[in-house]
Amino acid sequence: MPRTRRQKWALWALGVYVAAAGVLLLSPVGPGRILDALVTWFREDLGLHGFRQGWIEAPANVALFMPLGFLLTMLFRRAWVGVLLAVLLSVSVELVQVVLPARLPSARDIAANALGALVGAALAWLVLTLRRRRLHDHSDLPG
């Protein structure tokens with residue numbers, strides 16, 4: 001399927017990403033302990049008593065799915081494909097989390113993941129667009 005060096009690189013990086021994200025997202029041990037420790041640190045040690053777990057969790061979900069949107073867009077060369085596949089993966093992960101006792105599926109997670117995929121896909125689209133323009137400009141040179 002990959003035809004270009006960029007697509008081969010994107011496929012390889014996507015495999016590494018999916019393996020690492022799969023361990024994180026589908027692990028029977030949820031990230032709750034880490035989040036609880038961070039929230040406790042912000043509240044007790046830093047004195048930010050109104051600090052909420054979602055202030056860490058939502059941005060983390062956005063950041064987690066940015067590489068996925070980026071890599072899928074680089075692979076398929078279509079931003080909408082990158083976003084759609086990332087959202088489908090997010091929904092699938094949340095459905096699997098229904099049966100994992102230490103995990104809590106959430107529509108908010110899907111929304112944050114979709115936002116991350118959208119940002120990643122937009123960045124990839126920008127890279128692809130700039131590269132196409134550069135190649136087009138170079139092809140106009142006499143040579």
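This is a predicted model: local features need pLDDT of at least 70, side-chain atom pairs count only at pLDDT 80 or more; totals for chains, interfaces and linings use all residues.
Reader: Which residue forms a salt bridge with E57, and how far apart are the closest N and O atoms?

Author: Side chains of opposite charge can pair when their charged atoms come close. Here E57 forms a salt bridge with R108, with the closest N and O atoms 3.7 Å apart. The term asks for a side-chain nitrogen of Lys or Arg within 4 Å of a carboxyl oxygen of Asp or Glu. The pair ties together parts that are 51 residues apart in sequence, because E57 lies in helix α3 and R108 in helix α5. A search of the whole structure finds 1 salt bridge.

Residues are numbered from 1 along each chain as its sequence is written, and side-chain values use heavy atoms, leaving out hydrogens and water.

Reader: Good to know! Are E57 and R108 buried or exposed?

Author: Buried means under 20% relative accessible area, exposed over 50%, and partly exposed in between (1.4 Å probe, protein chains only). E57 is partly exposed at 21%, while R108 is exposed at 52%.

Reader: How much space lies in the largest pocket, and which residues are closest to its centre?

Author: Rolling a probe the size of a water molecule over the atoms shows where empty space is left. The largest pocket holds about 520 Å³ of space. Of its 22 lining residues, P31, G32, L35, E57 and R103 are the closest to its centre. A pocket is an open set of points on a 1 Å grid over the protein atoms alone, where a 1.4 Å probe fits, with protein on both sides within 12 Å along at least five of seven lines; lining residues have an atom within 4 Å of a point. The volume is the space filled by probe spheres set on the points, which are joined across faces, edges and corners.

Reader: Which helix gives the most to that lining?

Author: That is α3, with 5 residues. Helices α1 (5–26), α2, α3 (54–76), α4 and α5 (107–139) each supply at least two residues. The helices are DSSP runs (H or I, at least four residues), numbered from the N terminus.

Reader: How far apart are the end C-alpha atoms of α2?

Author: They are 19 Å apart, which agrees with the 20 Å that its 14 residues (32–45) should span at 1.5 Å a residue. The expected span is 1.5 Å times one less than the number of residues.

Reader: Where should I look for positive phi values?

Author: Most residues other than glycine have a negative phi. R77 has a phi near 60°, positive in a residue other than glycine. R77 sits in the loop between α3 and α4 and is partly exposed at 29%.

Reader: Last one: which residues make the nonpolar surface patch?

Author: L26, V91, L95, V96, V98 and V99 make this patch of about 520 Å². Helix α4 (residues 79–97) contributes the largest share, 3 residues. Nonpolar patches join Val, Leu, Ile, Met, Phe, Trp and Tyr side chains within 5 Å, using residues with over 30% relative accessible area and no salt bridge. The areas come from the Shrake-Rupley method with a 1.4 Å probe. L95 lies in α4 and is exposed at 57%.

Technical notes: Patches are made of residues with over 30% relative accessible area and no salt bridge: like charges are joined within 9 Å, nonpolar side chains (Val, Leu, Ile, Met, Phe, Trp, Tyr) within 5 Å.
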